[in-house]
Amino acid sequence: MPEIKPFKIRDIEINPPLILSPMAGVTDVSFRRLLKRRGGVGLSVSEFISVEGLTRSNPKSKRQMRFYEDERPFAVQIFGGQPERMRMAAEMAEEVGADILDVNCGCPAPKVVKHGGGSGLLKDHSRLETILKEIKKAIRIPLTVKIRAGFYDHTINAVETAKLAEDCGVEHIALHGRTKEQGYRGLANWDLVRDIKEAV
């Protein structure tokens with residue numbers, strides 16, 4: 001089996017080359033620190049955090065952004081559908097010292113999607129473009145995104161989404177190879193990983 005080498009997001013080395021997926025209710029600070037001490041991940045990521053909560057000073061949302069120095073490199077992942085609030089939340093993440101800002105374009109939960117966030121952004125590329133450009137102008141840390149194969153099973157647009165993201169200055173893309181319509185059911189489309197890698 002070939003050696004899997006570390007990689008970089010801008011000048012941040014991810015070693016080992018494994019990223020802890022942000023999982024609501026799971027990847028809290030205790031869980032992240034446990035894995036980091038075991039040497040299991042090269043990049044820790046917060047639970048995904050609502051920009052509505054963050055920008056309205058919700059205590060829970062602010063707590064979700066806290067991290068310890070021994071977790072570095074550390075990324076904050078945010079979700080939402082309003083460009084102004086996404087920009088504000090990105091600035092807050094940079095202010096608390098996050099190394100990377102990640103935008104969630106993958107969550108299929110109806111309560112997230114109905115407000116235009118998560119995988120809802122996959123069917124509204126103009127809104128996604130506005131959000132990414134606003135964030136990119138506002139922060140100095142690397143900007144990354146998590147996407148899905150597409151919104152509907154008949155509209156697989158991950159490659160187009162990846163190209164848009166790259167054009168907006170995104171420096172790393174994570175893919176969940178299922179559509180929003182699939183949720184967590186069925187088989188992931190692993191061929192899309194290759195297609196995106198060849199395209200951007």
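Q: Which residues does Glu94 touch, not counting residues up to four places away in sequence?
A: Happy to start there. A contact means heavy atoms within 4.5 Å. Leaving out residues up to four places away in sequence, Glu94 touches Ala138, Ile139, Arg140 and Ile141. One note before we go on: this is a predicted model, where local features need pLDDT of at least 70 and side-chain atom pairs count only at pLDDT 80 or more, while totals for chains, interfaces and linings use all residues. Residues are numbered from 1 along each chain as its sequence is written, and side-chain values use heavy atoms, with hydrogens and water left out.

Q: Is Glu94 buried or exposed?
A: The scale is relative accessible area: buried is under 20%, exposed is over 50%, and partly exposed lies in between (1.4 Å probe, protein chains only). Glu94 has 16% relative accessibility, so this residue counts as buried. Glu94 sits in helix α4. From Glu94 to Gln182 there are 88 residues in sequence and 33 Å in space, C-alpha to C-alpha.

Q: How do I read the span of helix α4?
A: Helices (H or I, at least four residues) and strands (E, at least two) are DSSP runs, numbered from the N terminus. The expected span of a helix is 1.5 Å times one less than its number of residues. Helix α4 covers residues 83–95, 13 residues in total, and its first and last C-alpha atoms are 18 Å apart, close to the expected 18 Å. After α4 comes Gly97, with a positive phi near 105 degrees.

Q: Which residues of α4 are buried, and what covers them?
A: An α-helix has 3.6 residues a turn, so residues three or four places apart point the same way. In α4, the buried residues are Met86, Arg87, Ala89, Ala90, Met92, Ala93 and Glu94. Their cover includes the helices α2 (51–55), α3 (59–64) and α6 (125–138), along with the strands β5 (74–79) and β6 (100–105).

Q: What is the phi of Arg10, and of Ser57?
A: Arg10 is not a glycine, yet its phi is positive, about 55 degrees. Arg10 is in the loop between β1 (7–9) and β2, and at 41% relative accessibility it counts as partly exposed. Ser57, likewise not a glycine, has a positive phi of about 60 degrees. Ser57 is in the loop between α2 and α3, and with 46% relative accessibility it is partly exposed.

Q: How many helices and strands does the protein chain have, and how compact is it?
A: The protein chain has eight helices and eight strands. Its radius of gyration, taken over C-alpha atoms, is 16 Å; the globule rule (2.2 Å times the number of residues to the power 0.38) also gives 16 Å for 200 residues, so the chain is as compact as a globular protein of that length. The C-alpha trace spans about 50 × 45 × 30 Å along its principal axes. Of the 200 residues, 48% are buried. Among contacts between residues at least 6 apart in sequence, 70% join residues at least 24 apart.
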